[in-house]
Amino acid sequence: MVATSLAFVARRGELELVAPAGPTPRELKRLSDLDDQESLRFYRSVIYFYRGRPSRPRADPARVVRDGLAAALVHYYPIAGRLRELPGRKLAVDCTGEGVWFVQADADVALDEFGDRLCPPVPCAGQLLCLPESNSAVVVDRPLLYVQVTRLRCGGFVLGIQVCHNLVDAPGVTQFLQAVSELAGGMEAPSVRPVWARELLDARDPPCPIYHHPEYELAADAANDKLRPGAVLVHRAFLFGPEELSSLRDQLPPQMRSRCSRFLLLSAFAWRCRTAALGYEPGDEVRFMFVVNARGKRGRPLPEGFYGNALTFGVARTTAGELCSGSLGHAVELIVAAKARVAADDYAQSVADALVLRGRPRFTTARTYLVTDLTKSNLHEVDLGWGLPVYGGPATTTLATFHIPAAGGGITVPMCLPPRAMERFAANVRAGLSEASSHRGRSSGVELAVLSRM
């Protein structure tokens, strides 16, 4: 069950600046040309729910986190600084050591009241995060990290953070929080030493992109997108268990089934359902865009401990008519081809070159379904001394979404659409799974849960 009517007010204490616990260098550190792209100028929210631990009845999670933050900022001192904008809108961190915003709070609510299937948008997220979402797009000359620890009535607590995306990506956030945990637990230094090395993802001089980058090109007739700013949207989470995934896999040609990952399978299925639900014209170009991690590439490897943005985007493109009238296997093939186009070791270098040449544009969102796969991420493995979190991941979701690991080997896909489009999307999901299940002689049991309405 999910908590659709939960309401409470967190009683916040005074906001305070937590500075590094020791001396740090005063210097100006330039962000990479992947870091400072326009689309990353916002604060990404991540939230963790922890149960109380009988063995630590007197431990105050707010104090533990605060002390861990102060210790970790000695090693991650740029996070305690402020962004400055240089000529050409280039961003750099002024390592002032001023610190990060921290607040502790209490809420008269128990962890179980949030429901047994937490995923974004988390109920009452605004009470668990201290930076209003409406104020999250300004990143210059302000703290780079906001942290709130909310103690719950049951003895559990919630850690909510909002961090400037220009500074870190999801693996970088996890690495920093692991350091907070380790240092709060008594270690003298983090097990993974942070490495800046942002110059490794800078454009060449002169910039020379060698690949095509449709992720930064406007879709044809983008003004006619069905999802306009200010539109009323609703949220639902769709849980696909092993049985549903197996049923979908059976719709693929036999030669494709064993080599199609769950990410490819579910992305192709949701892309088709979403495109049909939004009612695009058959000739409209539609896109599927996905996040690619540049870590682990052999050509110009990033060092262990790198915590900056190492993300690029792959794009599959077709028309709405071709996507919706074609088979699930065809949609999978489109995404496979897109993954192949961004697999080169020097692709991130080409992205940096293209961004600088084009003036750091935003990536395209018109008629685009954007997904980040978190099923293999360790974002949910941050142990602050109370064991692993009940949930650890994004606090909110927008038109971009995530594949989130669920209990029992399933995957949760949060979706955000206009109300009528959401009804059509849910119907398309049911129909697609019923069709798949009919081939196997059984009915589908996919769960559809309304999380909140805006």
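Which backbone oxygen does the side chain of Q162 reach at 2.5 Å? The backbone oxygen in question is that of L131. The Q162 side chain also reaches the backbone nitrogen of C130, at 3.3 Å. Q162 is found in strand β9, residues 157–164, and is buried, with a relative accessible area of 1%. Here buried means under 20% relative accessible area, exposed over 50%, and partly exposed in between, using a 1.4 Å probe and protein chains only. Helices (H or I, at least four residues) and strands (E, at least two) are DSSP runs, numbered from the N terminus.

The model is predicted: local features need pLDDT of at least 70, side-chain atom pairs count only at pLDDT 80 or more, and totals for chains, interfaces and linings use all residues. Residues are numbered from 1 along each chain as its sequence is written, and side-chain values use heavy atoms, with hydrogens and water left out.

Helix α8 (residues 328–341) has 14 residues and reaches 21 Å from its first C-alpha to its last, close to the expected 20 Å; that expectation is 1.5 Å times one less than the number of residues. Among its buried residues are L328, V332 and I335. Their cover includes α6 (262–278) and β11 (285–293), where contact means heavy atoms within 4.5 Å.

A nonpolar core is a set of buried Ala, Val, Leu, Ile, Met, Phe, Trp, Tyr and Cys residues joined through side-chain atoms within 4.5 Å. The largest has 68 residues, and F240, W271 and F288 have the most contacts inside it. Helix α6 gives the most to this core, with 11 residues. A second, separate core of 51 residues includes A62, V64, A70 and V180.

By the rule that a side-chain nitrogen of Lys or Arg lies within 4 Å of a carboxyl oxygen of Asp or Glu, the count comes to 26 salt bridges. Three of them are tabulated below.

| Pair | Closest N to O distance |
|---|---|
| D33 and R360 | 3.6 Å |
| R89 and E85 | 3.5 Å |

D33 lies in the loop between β3 (28–30) and β4 (43–50), and R360 in the loop between α9 (347–357) and β13 (368–373), so the pair ties together parts that are 327 residues apart in sequence. Both D33 and R360 are buried. R63 and D67 are four residues apart in helix α1 (residues 61–75), and are therefore separated by about one helical turn. R63 is exposed, at 60%, whereas D67 is partly exposed, at 39%.

How values were computed. A polar contact is a pair of N or O atoms within 3.5 Å; within protein, one must be able to donate a hydrogen and the other to accept it, and residues adjacent in sequence count only if both atoms are side-chain atoms.
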